Amino acid sequence: MPNDIDFAALEAEALGAARAAKDEADLRAVERDWLDKKGGRVAALLARIPTLEPQMRREFGGAANRVKQALEAALDARRTELAAAQLHADLSDATFDPTLPAASLELGSLHPLTLVRRELEDIFTSMGYHVLEGPEVELEDYNFQKLNIPSDHPARDATDTFYCEPLVAGASLVLRTHTSPVQVRAMERLKPPFRAIAPGRVFRSESTDATHEHTFHQMEGLVVGEDVTVAQLVGTMKAFLRAVFRVDDLEVRLRPGFFPFVEPGFELDARCPFCTAGCRVCKQSRWIELCPCGMVHPNVLRAGGIDPERWRGFAFGLGLSRLVMLRYQIDDLRHLLGGDVQFLETFAPAAR
Ligand code: FA5
C-alpha cells in the first residue's frame, strides 16, 4: 500500500464536507469535487490503481471504494435531513394553515340520456337482445331506399334532413333521420333468428318546441324469427315500459300508424304526465307519441338479405329523448342537449 495516502483521513474529510452542506447546491459541489468521474478526488485515486504493484491493487481499490460508498451514504442522509428541515419550515410558515378544508373537487355525473340508455340496454340484454350501433352519417340508401322509402315518397318530407358532400361519387350521405337504418345493417350482419336494439342520435331539419328537437335520441328495436307476432310486439313494449317506469299502471295506447317500412304499423303513445289546462307539452292532446312500431315490411327483410317467405319480424323506434322527459318529469326536451350545467347537476348521484 503506498504510504502517501491516509484513507481514514480522506474519508473523514469527505464526510465532513457532506455534513456541512447547507443546501442542494452545496451537496452538488461535494459530489462534483469527490465523485465526478473525470475530475473527482475518488476518480483520481482509482486512476492510480494500474500504476501500483499488482499485490497492492486489490487493497488500494477496496479502500478507495469504501471512501466512495461512505460519501454517497453521507450525501443521501444529508439530502433527507435538508428536505425534512425544509418541510418543517414550510409547515411552520404563518401563512400556511393545514387545518383549512381542501379545495373542493368538482365531480361530473352521467347525463340523463346515458342513465336511461344504460337502463334500457340492461332490460333488453336481459331479454336476449344484442346492442348495436349504426353510423350517424348514413348512406341515403340505408336511411330511405332500403326502408321502402323511394326518393319520390311523401314520407321523406316528414323527416327532411341535412345532406352531406359524398365521399364517393354516387354514394349520397345524410345525417340519419332515425335509427331505423340499423335494422337493415343488423339483418346484413346477424343470422336470424335474432333480437337487437340500437340506441343513438338522429337529426332532422325541424322547428323545435317542448317535445321536438333538431337533434335527439331514439332507440331502434328489431326482432326477426319464424313465428314473430304483433302480440309479442305489444308484450315487449309493455314489459320494457313497466321496467323503465317501475309501475304497472303507465297508461299507454296503441293506434294505427303509417311507416313505409312496417305493415301493419302502430303508434304507441304514453299518457302525458304534465297535463294541466293548456298543457304546452302535449298541446292538450293528453298523449305523448313515444314508440312507433310494427311488423317489418317484406321489402325491408329482402333489402337486408332475409327471405320474407320464411322469416318475419317486428320493429320499434322508441323516442329515447321523450322517454327521458317522462322518466324524470322534464317539461321541455330542449334542456337535454342545451348544455346547461345547473340542469345537468340535478342528475348527480346525490341528487337523484
Ligand atoms: C320514426 O322515426 C320511425 N323510424 C320509427 C319506427 C321504427 C316505426 C320502427 C316503425 C318501426 P317517428 O318519426 O315517429 O318515427 O319518430 C319516432 C319517435 O321519435 C317519436 O314517437 C318521438 O317519440 C320521437 N321523435 C320524433 N321526432 C322528434 C323530435 N323532433 N324531437 C324529439 N323526439 C322526436
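## A residue tucked inside

Let us start with Asn-143, which sits in helix 6 (residues 140-143). Helices here (H or I, at least four residues) and strands (E, at least two) are DSSP runs, numbered from the N terminus. With a relative accessibility of 0%, Asn-143 counts as buried; buried means under 20% relative accessible area, exposed over 50%, and partly exposed in between (1.4 Å probe, protein chains only). The side chain of Asn-143 makes a polar contact of 3.0 Å with the side chain of Thr-177. A polar contact is a pair of N or O atoms within 3.5 Å; within protein, one must be able to donate a hydrogen and the other to accept it, and residues adjacent in sequence count only if both atoms are side-chain atoms.

A word on the model before going on. It is a predicted one, in which local features need pLDDT of at least 70 and side-chain atom pairs count only at pLDDT 80 or more, while totals for chains, interfaces and linings use all residues. Residues are numbered from 1 along each chain as its sequence is written, and side-chain values use heavy atoms, leaving out hydrogens and water.

The protein is divided into domain 1 (7-92) and domain 2 (112-351), with bounds that come from an automatic or database domain assignment. Between the C-alpha centres of domain 1 and domain 2 there are 75 Å.

On the surface, Leu-87, Leu-91 and Phe-96 form a nonpolar patch with about 300 Å² of accessible area together. Patches are made of residues with over 30% relative accessible area and no salt bridge: like charges are joined within 9 Å, and nonpolar side chains (Val, Leu, Ile, Met, Phe, Trp, Tyr) within 5 Å. The areas come from the Shrake-Rupley method with a 1.4 Å probe; for residues, only the protein chains shown count as cover. Leu-87 belongs to helix 4 (residues 54-92), and its relative accessible area of 51% makes Leu-87 exposed.

## Around the ligand

Which residues come nearest to the ligand? Of the 24 residues around it, they are His-178, Ser-180, Arg-204, Glu-206 and Glu-213. A residue counts as near if one of its heavy atoms lies within 4 Å of the molecule.

Some individual atoms can be picked out. A polar side-chain atom of Glu-206 is 2.6 Å from a nitrogen atom of the ligand, and a polar side-chain atom of His-178 lies 2.9 Å from a ligand nitrogen atom. Leu-290 takes part through its backbone: one of its polar atoms there is 3.5 Å from an oxygen atom of the ligand. On its own the ligand has 670 Å² of accessible area, and the protein covers 95% of that.

## Salt bridges

A salt bridge is a side-chain nitrogen of Lys or Arg within 4 Å of a carboxyl oxygen of Asp or Glu. By this rule there are 16 salt bridges. One of them joins Glu-136 and Arg-201 (3.0 Å, N to O). This pair links distant parts of the chain, 65 residues apart: Glu-136 is in the loop between strand 1 (130-131) and strand 2 (137-139), and Arg-201 is in strand 5 (residues 194-203).

Arg-310 and Glu-226 form a salt bridge too, with their closest N and O atoms 2.8 Å apart. Arg-310 lies in the loop between helix 10 (298-303) and strand 11 (312-319), and Glu-226 in the loop between strand 6 (215-225) and helix 9 (230-245), so the pair ties together parts that are 84 residues apart in sequence. Asp-332 and Arg-334 also meet in a salt bridge (2.8 Å, N to O). Here Asp-332 is buried at 8% relative accessible area, whereas Arg-334 is partly exposed at 29%.

## Backbone details

Is helix 11 (residues 320-328) mostly covered or mostly open? It is mostly covered, with eight of its nine residues buried. Just after helix 11 comes Gln-329, with a positive phi of about 55°; this residue lies in the loop between helix 11 and helix 12 (341-345). Asn-148 also has a positive phi, about 70°, although it is not a glycine.

Two peptide bonds deserve a look. The one from Pro-192 to Pro-193 is cis, with omega near 0°, and Pro-193 is in the loop between helix 8 (181-189) and strand 5. Another cis peptide bond joins Glu-263 and Pro-264, with omega about 0°; Pro-264 is part of strand 8 (residues 262-271).
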